[in-house]
Amino acid sequence: MPDPDKGVTVLNSTRPTRRTRRVVAATAGVATLALALTACGSSDDGGDDTASGDEKITLTVATFNQFGYTDELLASYTEDHPNVTVKQVTAATSEDARNNLTTKLAAGGEGLADIEGIEVDWLPELMQYPDLFEDLGDPALDGRWVDWKVQQATTPDGKLIGYGTDIGPEAICYRADLFEKAGLPTDREKVAEALGGDDATWQDYFDLGKKFVAKSDSAWFDGAVPTYQGMVNQLEGAYEDPATGEPKDLKTNQEIRDLYDQVLTASVDDELSAGLEQWGEDWTAGFQNNAWATMLCPPWMTASIEQNAGGVEGWDVADVFPGGGGNWGGSFLTVPASGDNAAAAKELAAWLTSPEIQTKAYENANTFPSQLDAQASDAVQDSTNDFFNDAPVGPIFSARAQAIEGAPFKGKNYFAIHTAVQNALNRVDLNGDDPEKSWQGALDEYASLGL
């Protein structure tokens with residue numbers, strides 16, 4: 001337990017190894033939640049409480065997986081703000097954290113932490129109820145984050161409901177030992193070139209995969225759905241019109257149908273997929289069984305690979321990504337409007353997302369920072385990863401972050417539609433269903449949404 005004199009208490013001290021901040025398919029129960037949240041009004045203003053006052057206050061910070069906020073880091077805040085006790089509550093999974101947040105928001109906000117960590121994929125739902133969160137806009141913080149990170153948490157009328165923590169710029173992680181056996185280059189710079197370099201396309205990625213599987217017993221990538229996720233994240237508005245928020249008719253959405261066909265051609269016809277569902281038991285075991293050779297790889301994925309592939313040598317990271325830049329994942333800190341210490345909570349949230357603290361969080365948990373100064377820090381730029389053949393992960397993921405041109409539009413219907421397409425992909429990739437019949441299943445699922 002931490003020193004109580006430091007003002008830090010961890011309510012759940014068994015912190016899990018960082019797992020992916022998975023896409024939450026918010027389909028079941030959304031209508032009920034929407035009705036409950038609509039019935040909730042915004043709470044009173046948080047008042048003039050600040051962390052620099054004399055009154056003793058306790059601020060709770062709710063997180064999940066790994067945000068990099070150690071006991072020692074939080075203790076340093078109390079040293080500068082002796083009146084503040086910080087308590088961190090860490091949920092076992094992101095799903096548990098989301099369920100807790102939405103359930104308590106629907107009940108009026110009672111019992112929520114002063115600061116609630118949220119995953120980027122929850123934003124389409126939460127942005128419908130901005131009055132339930134404090135406006136975190138502060139001119140003094142302008143320019144702290146990459147622009148698209150701020151845009152993700154900004155409502156159409158300009159209210160900022162979240163301060164950015166980490167982002168997930170994607171590279172390609174690969175098994176150099178399996179590449180060597182298949183006669184492919186193994187050096188990370190040459191691998192990037194073989195994949196197309198700065199002009200890499202998804203077809204380049206799949207074409208190299210065909211060369212690999214022709215000389216290997218391993219698949220090229222783990223599954224169709226995670227590969228499709230990297231592709232769809234590069235569309236400006238995959239399932240909804242960014243200008244209006246209106247859903248696009250899936251039957252006539254040619255961009256999505258083209259990606260569906262392309263990834264299944266690679267997965268099934270060209271036999272590039274291991275046919276595994278990410279985070280399942282078979283997928284976890286696949287790291288030890290040489291099940292595949294490459295995977296889409298944001299910074300946080302490196303921790304999951306290292307955990308599951310312990311004892312397996314050969315993993316590396318290439319500074320390349322098909323189609324240009326891509327982001328997968330990332331989180332924010334929000335301040336619920338129902339809290340009693342909103343002003344002090346905003347001050348703490350701003351501190352936790354400052355470049356200095358996010359640099360420390362990166363060192364603690366490999367959470368790649370969304371703050372520009374943090375990305376440029378020596379701690380990030382000099383960082384390497386021993387497990388990935390001493391890859392210079394700081395410069396690699398910094399370069400990948402710079403390649404991201406913006407965040408895709410995800411409205412309130414994004415995940416319901418996205419889930420229908422994912423289900424169709426899995427029916428083919430995991431179960432061997434006919435692609436055309438499975439696509440019709442996606443259209444039927446879309447029709448059932450009544451959009």
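Modeller: This is a predicted model. Ring pairs join Tyr174, Phe179, Trp202, Tyr205, Phe206, Phe212, Trp220, Phe221 and Phe321 into a cluster.

Biologist: How many aromatic pairs are counted?

Modeller: The count comes to 29 aromatic pairs. In one of them, tyrosine 174 and phenylalanine 179, the ring centres are 5.1 Å apart and the planes meet at 40°, so the pair is tilted. Tyrosine 174 counts as buried at 0% relative accessibility, and phenylalanine 179 counts as buried at 2%.

Biologist: Which pair is edge-to-face?

Modeller: A pair of aromatic rings is described by the distance of the centres and the angle of the planes. Phenylalanine 387 and phenylalanine 388 form an edge-to-face pair, with 5.4 Å between centres and 75° between planes. Phenylalanine 388 has 0% relative accessibility and is buried; phenylalanine 387, at 19%, is buried because the cut-off is under 20%.

Biologist: Which residues of helix H8 are buried?

Modeller: An α-helix has 3.6 residues a turn, so residues three or four places apart point the same way. In H8, the buried residues are Trp202, Tyr205, Phe206, Leu208, Gly209, Phe212 and Val213. Viewed down the axis of H8, these buried residues fall within an arc of 160°, so they line one face of the helix.

Biologist: What do the buried residues of H8 pack against?

Modeller: Their partners include strand E6 (171-175), helix H6 (176-181) and helix H10 (254-269).

Biologist: Where do charged residues lie over a ring?

Modeller: Arginine 144 lies over the face of tryptophan 145, 5.3 Å from the ring centre. Lysine 149 lies over the face of phenylalanine 332, at 4.0 Å from the ring centre.

Conventions:
Residues numbered from 1 in each chain as written. Predicted model: local features only at pLDDT ≥ 70, side-chain atom pairs only at ≥ 80, totals over all residues. Heavy atoms only, no water. Buried < 20%, exposed > 50% of the residue type's maximum accessible area, 1.4 Å probe, protein only. Helix = DSSP H or I, 4+ residues; strand = E, 2+ residues; numbered from the N terminus. Arc of directions from axis to C-beta. Contact = heavy atoms within 4.5 Å. Phe/Tyr/Trp six-rings, centres within 6.5 Å; stacked < 30°, edge-to-face > 60°. Lys NZ or Arg CZ within 6 Å of the ring centre and 35° of its normal.
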